[in-house]
Amino acid sequence: MNRGIFISFEGIDGAGKSSHVQAVADAFAQAQRQVVLTREPGGTPLAEKLRDMVLHDSMDPLSEVLLMFAARRDHLQQVIEPALARGDVVVCDRFTDATFAYQGAGRGFDLKVLSQLEQWVQALPSGVLRQPDLTLWFALDPAIAAERLSKARVPDRFEAQPAAFFAQVHQGYTDRLQADPQRFARIDASAVLDAVRSQVMHVLQERL
């Protein structure tokens, strides 16, 4: 049986990562792999309810963090772990790196507390911490990302943050990459769509 593969997509709002999630899922499907396409926060009925709260309701940083990890726990238990156990490919739009980037670096939330929650929520029975096998980070200058967002849609509570917030989020992703370079692949998201897609497919062929 094929082993399960867990791939996450990361990047600040406006980086364009979501434009490539379906293409990656389709590539694995064409290779005769069963694919679970999902997102965070979200992916289960409960987690989707929590997502709506996090994106639109006013709350303090601790409440925001706890809701993120509550959604993640349900997502792992109900979707991600069963899929990996079946040997499926899980393609997820954001995972824990986003929490460290947005709530940690962006909001200034205590990284030690985030690390403890990460351990509690993502630890497997073996004691190993569940992380993606590959994380595609769509790196983009926050100023360019903000310009793209301004033309796209009405912003949610995160997308409406000032440029300084996204600069901190970008640094948060940089820190996560430096802490775990074997897991990350940096994608230059400033390129045109086809060039970005080419980068993504090259990384998949090289790593997986």
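These legends walk through several views of one predicted model.

The model is predicted, so local features need pLDDT of at least 70 and side-chain atom pairs count only at pLDDT 80 or more, while totals for chains, interfaces and linings use all residues. Residues are numbered from 1 along each chain as its sequence is written, and side-chain values use heavy atoms, with hydrogens and water left out.

**View 1. The whole chain.**
Let us begin with the overall layout. The protein chain has eight helices and five strands; these are DSSP runs numbered from the N terminus, with helices being H or I of at least four residues and strands being E of at least two. Starting at the N terminus, the elements follow the order β-α-β-α-α-β-α-α-β-α-α-β-α. The C-alpha atoms fill a box of roughly 45 × 40 × 30 Å along the principal axes. For 208 residues, a compact globule would have a radius of gyration near 17 Å, and the 16 Å of this chain agrees; the radius is taken over C-alpha atoms, and the globule rule is 2.2 Å times the number of residues to the power 0.38. Of the 208 residues, 51% count as buried, where buried means under 20% relative accessible area, exposed means over 50%, and partly exposed lies in between (1.4 Å probe, protein chains only). Among contacts (heavy atoms within 4.5 Å) between residues at least 6 apart in sequence, 78% join residues at least 24 apart.

Strand 1 and strand 3 are joined by five bridges in the parallel sense, and Ile-7 has Val-91 in strand 3 as its bridge partner.

Strand 2 runs parallel to strand 3, and five bridges join the two. Look for Val-36, which stands opposite Val-90 in strand 3. In a regular strand, side chains alternate between the two faces of the sheet. Strand 2 has a covered face with Val-36 and Thr-38, and an uncovered one with Val-35, Leu-37 and Arg-39.

**View 2. The nonpolar cores.**
A nonpolar core is a set of buried Ala, Val, Leu, Ile, Met, Phe, Trp, Tyr and Cys residues joined through side-chain atoms within 4.5 Å. The largest one has 32 residues, and Tyr-102, Leu-136 and Phe-138 have the most contacts inside it. Elements that give two or more residues to this core include strand 1 (5-10), helix 1 (18-30) and helix 8 (193-207). Strand 4 gives the most, with five residues. Another core, of 17 residues, lies apart from it and has Val-90, Cys-92, Phe-95 and Leu-117 among its members.

**View 3. Helix 4 and Thr-96.**
Helix 4 is largely enclosed by the rest of the structure, because 10 of its 11 residues are buried. Its cover includes strand 1, helix 3 (61-86), helix 5 (111-122) and helix 7. Thr-96 belongs to helix 4 and is buried, at a relative accessible area of 0%. Its side chain makes a polar contact with the side chain of Gln-122 (2.6 Å). A polar contact is a pair of N or O atoms within 3.5 Å; within protein, one must be able to donate a hydrogen and the other to accept it, and residues adjacent in sequence count only if both atoms are side-chain atoms. Thr-96 also touches Glu-10, Phe-69 and Arg-176, among others. Just after helix 4, Gly-108 takes a positive phi of about 80°.

**View 4. Asp-188 on strand 5.**
Asp-188 lies in strand 5 and counts as partly exposed, at 32% relative accessibility. The side chains of Asp-188 and Ser-190 make a polar contact (2.6 Å). Asp-188 touches residues including Ala-139 and Gln-199.

Definitions and conventions:
Pairing = 2+ DSSP bridges. Lists of a residue's contacts leave out its neighbours within four places in sequence.
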